[in-house]
Amino acid sequence: MARPAGMIGPPLVASPPNATDDPRYTAAEFPPNKLLYLVQLADARGIDSRPWFAGLALNRAQIADPALRVSYRQAASFVRRALQALDVPDAGLRIGREGTIGGFGLLGLAMMTSRTLGDAMFAGIAHHKICGCLLDVGVEPISEREVALVAWPRFGDTELMPFFCEELFASCLMIARELVGPELRPLRVEFAYPQPAYAAEYATLFACAVRFGATRNRLILDTQWLARPLPGYNPLTAKQALALCAQQRTPDGGEPHQEIVAAVERLLRSQLSQQPRLNDVARTLNLSERSLRRKLAESGRIFREIHDRVRAERALQLLQAGTLSVAQVGNEVGFNDPREFRRAFKRWTGMPPQDARRATA
């Protein structure tokens, strides 16, 4: 798929013939915002959401954790189940209408303290993944007076495109109005899917011309809005917030892990003091030990290496906090013998735990 002329944003790439062969499909890089909103909608309607988690190595408590990251596969599977069970055709619009700048966390702060609405818009596009957006997005200059926010599905997943587009465009509009005032109206909105039965709700929300069956999904603004100054402009805060956004691709700021690796890390972090073994983790994930080994190997990882890294990270955190003795830190990460912990910590980090604590101090 070629990039339209003038497009600003991620490159448009052809969807892989089989998404499951693409490592990005199972890379855990999205916060579970959409999942949490759907669960809350289910709660409000008295619907049991527990079956939606089956086979995803996730549970209800975990999706409220801001440090959690899920893969596209996990999120898309969950959303499909949720939409089928909820039977709420306009779920995307309902969720999007509740969008606020505060709900965007650090990205919301970066946008709110941007110089202009255009700067805020570009910040949101650059870091859209950390808000749980499951579409790819970009900006397309159309003319001197028109500019468009463009969205397209990942992995050719057009089935979920209406829900994702409704939620994205509605929340973007609500946040833009929060930044510059309720008088902001798009020039028009275009959607690359057929007109739904509740199309009148689109017209009410967007307060502009709405077109369905278009070639692309676009929310089109008058370019004059991009120069509108924001009252909360603070260059230092904006710079700091954007730097933190850049680190939030995963909780540790690095590249996204495959979902199986992320699931193992999550379980290990919650059970370190119980000295979890491979078969314990496999059983919790409803996998055989052999299957878990194979899945980790396919991701280029082994269980011991993941376990050691998680233990080393936690031990360093506890040593830096300075409230526990070295022996107590060792116990917290699964060592009953302080000498074994000291040897292991030196193997992991190249220094004894006492030296790590002194270096931190």
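So, burial: of the 361 residues in this protein, 49% count as buried, where buried means under 20% relative accessible area, exposed means over 50%, and partly exposed is in between, with a 1.4 Å probe and protein chains only. Before I go on, this is a predicted model, so to speak: local features need pLDDT of at least 70, side-chain atom pairs count only at pLDDT 80 or more, and totals for chains, interfaces and linings use all residues. Residues are numbered from 1 along each chain as its sequence is written, and side-chain values use heavy atoms, with hydrogens and water left out.

Okay, the overall picture. We have 15 helices and seven strands; those are DSSP runs numbered from the N terminus, helices being H or I with at least four residues and strands E with at least two. The radius of gyration is 23 Å, close to the 21 Å from the globule rule for 361 residues, so the protein is as compact as a globular protein of that length. That radius is taken over C-alpha atoms, and the rule is 2.2 Å times the number of residues to the power 0.38. Along the principal axes, the C-alpha trace spans about 70 × 45 × 40 Å.

Contacts next, meaning heavy atoms within 4.5 Å. Take the ones between residues at least 6 apart in sequence: 69% of them join residues at least 24 apart. As for the surface, the accessible area comes to about 17,500 Å², and 52% of that belongs to carbon and sulfur atoms. That's Shrake-Rupley with a 1.4 Å probe, and for residues only the protein chains shown count as cover.

Now the bit I like, the aromatics. There are 19 aromatic pairs in the structure. Rings of Phe, Tyr and Trp (its six-membered ring) pair if their centres lie within 6.5 Å; planes under 30 degrees apart are stacked, over 60 edge-to-face, and the rest tilted. Take Phe191 and Phe206: ring centres 6.2 Å apart, planes at 55°, so that pair is tilted. Phe191 sits in strand S4 (residues 188–191) and Phe206 in helix H7 (residues 199–206), 15 residues apart, so to say a link between distant parts of the chain. Phe191 is buried at a relative accessible area of 0%, and Phe206 is buried at 0% as well.

Then look at Tyr202 and Phe212. Their centres are 4.9 Å apart with planes at 85°, so this one is edge-to-face. Again distant parts of the chain get linked: Tyr202 is in helix H7 and Phe212 in strand S5 (residues 209–212), ten residues apart. Tyr202 is buried with 0%, and Phe212 is buried with 16%. Zoom out, and ring pairs join Phe169, Phe191, Tyr193, Tyr198, Tyr202, Phe206 and Phe212 into a cluster.

You'll find Asp87 in the loop between helix H2 (72–86) and helix H3 (91–97), exposed at 60%.

Last one: which residues does Glu265 touch, leaving aside its neighbours within four places in sequence? His257, Arg301, Ile306, Arg309 and Val310. Glu265 itself is in helix H9 (residues 259–271) and buried, at 3% relative accessibility.
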